[in-house]
Amino acid sequence: MQVQNDGSKGMLQSLINIGLEFKRKNNIRNLVIFFLFLTSVLFTQLFPHYLIMVIILTALFLVSLIFSSFRIVALTSSAFVCGFSIFHVLEDPLVNWLLQSGISPELGVILSRFLLVFYIVFLLLVSVIIRSKPIYYWKVGDFKQRLSFPWIWKGFDHPPIWLFLIIFSIVTCGIFLVNISLNPNFEISTVLLIYSFLFAIINAPLEEFIWRGIILSRLSESTDIVSALLITSFGFGFYHYSLGIPLAICLAFGVGSIYMAGLTVKSGGLLPVVIFHFVLNFWMFFSGAITVHI
């Protein structure tokens, strides 16, 4: 009987050791994925030079060849760098051409957001190469699903997504209106309302298709969904650095966008997060938080 008990304890300890080793290796794998993707995003934002981008793409290509387990992440990172490169090359010439055509600076910047399509093209190409479904969240989403605070899956309150979006929209509107009222030089106009709507209705769906659509789908194929959510969120935050937003604010964007990815995962679709993003973009453009640099 003693021998049997000792054998059972030994087997249990072996299983525990295997589990701990698996968890350790999985944590290392997640750190590598985190490093690969976020380094690619951050370096392209901090050093938007062609030589740097070529070096990054070369390194990612070698990773995809040598380490098959990181191939999807390396290809997804490469697609982001390629999309950023094309966007970076074409944005200023396009805006300048639109200005010369008599279009206002604000409308020129708004129309230039259509260049985000190049990100989508390269990211969709990755899904073709790896023969995977392009996007797992190409649905309206379930607005009755509930979010927990403060950790999305765990917390105190569990409001349905539709109620969360209403509360968020009201609070966001109130915050920006207070800030606007404190600016004596601010002037409300119909044109500004139209521009704000146009910017939000173009930018929000395109960025969400890129980040919470394709990139989140690709990363979730390489790691667990929580890790994919975190990596996508901080990547999205750092991506705003090239738009002239300070790095500290980009980091704050990354933290905030955890809830954006959470909306996508919990609802199973993109419409809730597109609405969330639309509300933010509208008020940021309307209030001047998104500035036009020509």
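At 2% relative accessibility, Gln45 counts as buried (under 20% relative accessible area is buried, over 50% exposed, in between partly exposed; 1.4 Å probe, protein chains only). What you have here is a predicted model, so local features need pLDDT of at least 70 and side-chain atom pairs pLDDT 80 or more, while totals for chains, interfaces and linings use all residues. Residues are numbered from 1 along each chain as its sequence is written, and side-chain values use heavy atoms, with hydrogens and water left out.

Back to Gln45, which lies in helix α1, residues 2-46. Skip the residues up to four places away in sequence, and Gln45 touches Phe80, Phe84, Phe238, Tyr239, His240, Tyr241 and Ser242 (contact means heavy atoms within 4.5 Å).

Zooming out, the protein chain comes to ten helices and zero strands (DSSP runs numbered from the N terminus, H or I of at least four residues for helices, E of at least two for strands). From the N terminus on, the element order reads α-α-α-α-α-α-α-α-α-α. Buried residues make up 41% of the 294 residues in the chain. Take the contacts between residues at least 6 apart in sequence, and 77% of them join residues at least 24 apart.

Now for the inside. The largest nonpolar core has 74 residues (such a core is a set of buried Ala, Val, Leu, Ile, Met, Phe, Trp, Tyr and Cys joined through side-chain atoms within 4.5 Å). Phe37, Tyr119, Ile210, Trp211, Leu219, Tyr239 and Leu263 have the most contacts inside this core. Helix α7 gives the most to it, with 13 residues. Pick out Trp211 and set aside its neighbours within four places in sequence: Trp211 is in contact with Phe37, Val41, Phe80, Leu216, Thr232, Gly235, Phe236 and Tyr239. Phe80 and Tyr239 are also among the residues that Gln45 touches.

Helix α7 (residues 190-220) also packs against helix α9 (residues 247-267), at an angle of about 65° and with the axes 11 Å apart (axes are lines fitted to C-alpha atoms over the stretch in contact, and angles run from 0 to 180 degrees between N-to-C directions). From α7, the contact is made by Glu208, Arg212 and Leu216, and from α9 by Ser257, Met260, Ala261, Thr264 and Val265. These residues divide into four nonpolar, two polar and two charged (Ala, Val, Leu, Ile, Met, Phe, Trp, Tyr, Cys and Pro count as nonpolar, Asp, Glu, Lys and Arg as charged, the others, Gly among them, as polar).

What about the cysteines? The structure holds zero disulfides (pairs of cysteine sulfur atoms within 2.5 Å). Cys250 counts as buried because its relative accessibility is 0%, whereas Cys82 counts as partly exposed at 22%.

Glu187 lies between α6 (161-181) and α7, and its relative accessible area of 66% makes it exposed. Glu187 and Ser287 are 100 residues apart in sequence and 9.8 Å apart in space, C-alpha to C-alpha. Arg131 is found in the loop between α5 (117-129) and α6. Arg131 is exposed too, with a relative accessible area of 80%, and although it is not a glycine, Arg131 has a positive phi of about 55°.
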